[in-house]
Structure formats: structure tokens, C-alpha cells
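The sequence and the structure are shown first.

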Amino acid sequence: MTVADRVLLVLLCGGLGTLYAALWQPPIAAQEAEIRVRGETVRIVALDTPQRIRIEGAEGTSVLDVADHRIRFVDGPCRNRICIHTGWLSHTGDGTACIPNRVSLSLLGGEGVDAVSF
């Protein structure tokens, strides 16, 4: 490795660190949650009001809980309970789904740069 190669490597590493620091942004708190069944939006829920929501899906009823500007699945008809184990969601862009029941949840709100718009 020549001196020029080492200088180039140092500049590239420094440039990557600078880009990361300049473009990274902390997670943005979500304002709303979009609930979809079979790909169709059935409800948009504000996360500022504590509530329990029951959504009828393909296999049965999924239950969601909203509290402290967060939302999560608390019950569902699925076997593995992956949607429930995901836990609380609170940041814009977060999402989960109960695949067997065909119920999905996406968090909306806030401004920021995501991978698509970047």
C-alpha cells in the first residue's frame, strides 16, 4: 500500500464519518397510526388519546392498545404472536402486522428524511 493509498483511505473514512453525522437524524415521534385490513385503510388513530381498538381481520379480532403516544398489538388470532412480541411502536415509519389476520399497522406524522426520499 502506497502513501497515496493510505491518504485516500483516511480521507474516505473521515468523509463517511462526516456524512453519517450530517445526515443521521434521531427518530421522530409519530402523531397517528394507520390501521389496514387486507391492504385497505380502515382507520387512522391519533396517538394522543388512550384507547383500546378492536379490528376484525381475516382470522378473527386483533386488539390494539394506544397509550402515552404509543401503540401495540395486545391480542390476536395468530399462532406465533409475532405482532404482539413487536411491542410498543412510537416513531414515524414504525410498523408491524398480524400476517395471518391480514391486519397491519403503520405510524405516520412528523417531518424527516427516510430511505425513500433520501
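## The sheet

In this predicted model, four strands form an open sheet in the order E2-E1-E7-E6, with antiparallel pairing. Strands here are DSSP runs of E with at least two residues, numbered from the N terminus, and two strands pair if DSSP finds at least two bridges between them. Strand E2 (40-46) and strand E6 (95-98) each have a single partner strand and stand at the edges, so one side of each lacks a neighbour in the sheet. On average, neighbouring strands of this sheet are turned by 20° against each other, direction ignored; the axes behind this angle are lines fitted to C-alpha atoms.

Strand E1 (residues 32-37) pairs with E2 in the antiparallel sense over 6 bridges. Within this pairing, Glu34 has Ile44 in E2 as its bridge partner.

## The whole chain

The chain contains 2 helices and 7 strands, where a helix is a DSSP run of H or I with at least four residues. Along the sequence, the pattern is α-β-β-β-β-β-α-β-β.

## Burial, contacts and surface

Of the chain's 118 residues, 26% are buried, meaning under 20% relative accessible area with a 1.4 Å probe, protein chains only. Among contacts (heavy atoms within 4.5 Å) with a separation of 6 or more, 35% join residues 24 or more positions apart.

The accessible surface is about 7,900 Å², and carbon and sulfur atoms account for 56% of this area. Such areas come from the Shrake-Rupley method with a 1.4 Å probe.

## Basis of the values

Residues are numbered from 1 along each chain as its sequence is written, and side-chain values use heavy atoms, leaving out hydrogens and water. Local features need pLDDT of at least 70 and side-chain atom pairs count only at pLDDT 80 or more, while totals for chains, interfaces and linings use all residues.

How values were computed: Buried means under 20% relative accessible area, exposed over 50%, partly exposed in between (1.4 Å probe, protein chains only). Axes are lines fitted to C-alpha atoms, for helices over the stretch in contact, and angles run from 0 to 180 degrees between N-to-C directions.
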